[in-house]
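Keep the viewer open as you read.

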Amino acid sequence: MQIQIDKSKKTPLYRQITEQIQAQIISGEIPDGFQFPSERQLADTLGVNRTTVLNAYKELKADGLLASHVGRGTTAVRGTDQKIRKTDSRREPMWEYLFSDYLKNRDTFDVNKYLEMANQKDVISFAAGIASFENPPVRAFKGIEHELLSNPKGMLVSPVTGFSSLRKVMASYMQKRSCFCHPSEIMLVSGAQEGIDLAARAFLNPGDIVLIEEPSFFPAIQSFRSMGARLMAVPMEHDGMDVRILEQLLMRYHPKLIYTMPTYHNPCGVTMSTAKRVRLLELAAKYSVPVLEDDPYSELSFEGQTTAPLKSMDTNGNVIYLSSFSKTIYPGLRLGWICADRKLIHHFSGIRQLIDLHSCCISQQIVERFIVNGEMAKYVEFIRKEYRDRRDMMVEALNRYAPRGLSWNIPNGGYYLWCRLPDGLSADQLASQAAKNGVAILPGMPAYLTKQKGESYIRLNYTFPPRDRIVRGVKILCDVMRELITAHAESDPLTENEINPIL
């Protein structure tokens with residue numbers, strides 16, 4: 001059944017629905033006995049009032065084309081005198097009425113189009129959160145094929161939580177982040193994103209409340225919403241989330257989970273202050289709320305020592321720690337890890353084996369070898385300098401070409417500049433126009449619970465685009481901004497000298 005509503009037509013909406021269903025029943029596209037969705041379901045699908053669908057169903061019943069039965073709902077009726085005008089042996093399932101609540105709750109923002117755009121040759125992409133391809137960690141992969149062939153058992157299967165040898169290595173690796181844990185408290189996952197999804201599945205029921213920073217990492221928003229969670233925003237300040245508002249929300253709503261990215265936050269690049277970290281952990285302990293710490297960027301510090309994770313300060317076991325090698329070693333190396341209480345790891349592994357069983361065996365062996373032979377530490381030190389240079393190139397280009405009113409942060413690490421646009425400039429419109437000129441950016445809307453809040457922001461990634469294209473890309477982007485600002489000013493009928501009545 002296919003119904004198209006056109007609210008611009010003079011024909012009443014219920015008549016549009018009636019006529020389309022009538023035609024499809026008579027033609028045979030809707031078979032005799034087909035069960036229709038309830039009035040409420042169809043109204044939600046079409047975006048109309050329930051009364052509109054109720055009136056359509058009434059007319060169709062009066063015409064003898066629908067019948068209602070207790071326990072069976074509303075079904076199609078095609079009498080013998082109704083001539084079949086169309087025969088189609090292929091009838092596609094009514095997908096929109098079969099989808100689960102999980103899929104219906106899914107956020108519609110599609111990151112894949114930005115990944116596809118990033119792979120196009122002629123596009124300078126500041127959009128995707130991807131590491132540089134220009135400086136691959138050759139030593140991580142060199143000779144791995146010989147090791148795999150000499151030990152083929154390592155390619156067969158991994159435990160759900162990961163190879164025990166790598167978990168031991170990761171426990172030592174966490175000690176360097178001031179987190180002292182046992183290998184049984186480590187689980188290897190296919191990137192930190194899978195860790196977020198596992199936590200969402202483990203803790204959340206429909207209607208449960210999750211507190212997040214705003215703006216926030218938009219795939220996390222999507223994961224929580226897909227579980228039917230209610231999200232509440234804690235505003236970001238220059239040194240992390242506003243813990244006063246956090247406390248008010250904890251006191252009033254008793255949420256199920258707090259999600260935070262305390263170091264080189266995505267998208268806004270902020271690092272949470274020590275004082276706020278201490279207060280966050282105090283509040284989490286007081287109200288017995290788990291904290292999901294997403295920490296993919298802390299090793300990418302441009303100034304001095306790396307910031308210790310929240311997990312290192314946690315004395316009550318409230319923090320579930322996530323991180324990823326995709327942001328350090330290589331973007332296509334989809335491997336991350338969770339560090340949490342062993343009871344949680346046990347439950348996570350039970351959920352995980354229903355999804356993808358275990359992380360890639362080859363990726364696990366590459367990472368283990370890269371860490372153990374000392375090359376990982378060398379490579380991270382190299383890319384810190386590389387990414388700092390790229391950040392500085394982007395900032396200098398913005399200083400040179402930015403139109404008046406554009407502002408941005410200068411992060412001490414991580415991947416991104418978070419930019420506030422000049423007044424009146426739409427991020428969505430800018431992203432569309434910039435793409436036509438060969439530059440991809442990520443608008444700020446998906447990082448907010450209310451999309452309109454993100455209309456004035458864009459995120460620029462400086463790690464992925466080639467060094468020799470960063471300045472050119474920034475210039476093109478700023479030129480597009482000026483064009484849109486000029487066009488907006490020319491289309492505005494009001495001038496500074498006009499006085500308009502207030503009604």
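S216, F217, F218, N266, P267, W418, L442, P443, G444, A447 and R459 line the largest cavity of this predicted model. By class, that lining has 7 nonpolar, 3 polar and 1 charged residues. The volume of the largest cavity is about 60 Å³. The structure holds 1 cavity of 30 Å³ or more.

Now turn to a pair of helices. Two packed helices are described by the angle between their axes and the distance between the axes. Here the pair is α2, residues 39-46, and α3, residues 50-62. Their axes come within 8 Å and cross at roughly 120°. An angle of 65 to 115 degrees would count as roughly perpendicular, and one over 145 as roughly antiparallel. α2 and α3 are therefore oblique to each other. Their crossing is right-handed. On the α2 side, E39, R40, L42 and A43 make the contact. α3 contributes R50, V53, L54 and Y57. By class, this contact has 5 nonpolar and 3 charged residues, with no polar ones.

Last comes an open space. The second largest pocket holds about 420 Å³. Its lining has 19 residues, and those closest to the pocket centre are Y173, K176, E299, T306 and R384. Which helix gives the largest share of this lining? Helix α16, residues 375-401, does, with 4 residues. The lining of the second largest pocket divides into 7 nonpolar, 7 polar and 5 charged residues.

Key. Residues are numbered from 1 along each chain as its sequence is written. This is a predicted model: local features need pLDDT of at least 70, side-chain atom pairs count only at pLDDT 80 or more; totals for chains, interfaces and linings use all residues. Side-chain values use heavy atoms; hydrogens and water are left out. On a 1 Å grid over the protein atoms alone, a cavity is a set of points where a 1.4 Å probe fits but cannot get out, and a pocket is an open set with protein on both sides within 12 Å along at least five of seven lines; lining residues have an atom within 4 Å of a point. Grid points are joined across faces, edges and corners, and a volume is the space filled by probe spheres set on the points. Ala, Val, Leu, Ile, Met, Phe, Trp, Tyr, Cys and Pro count as nonpolar, Asp, Glu, Lys and Arg as charged, and the others, Gly among them, as polar. Axes are lines fitted to C-alpha atoms, for helices over the stretch in contact, and angles run from 0 to 180 degrees between N-to-C directions. Helices (H or I, at least four residues) and strands (E, at least two) are DSSP runs, numbered from the N terminus. Angles under 35 degrees count as roughly parallel, over 145 as roughly antiparallel, 65 to 115 as roughly perpendicular and the rest as oblique. A crossing is left-handed if the near helix is turned anticlockwise from the far one by less than a right angle, and right-handed if clockwise. Contact means heavy atoms within 4.5 Å.
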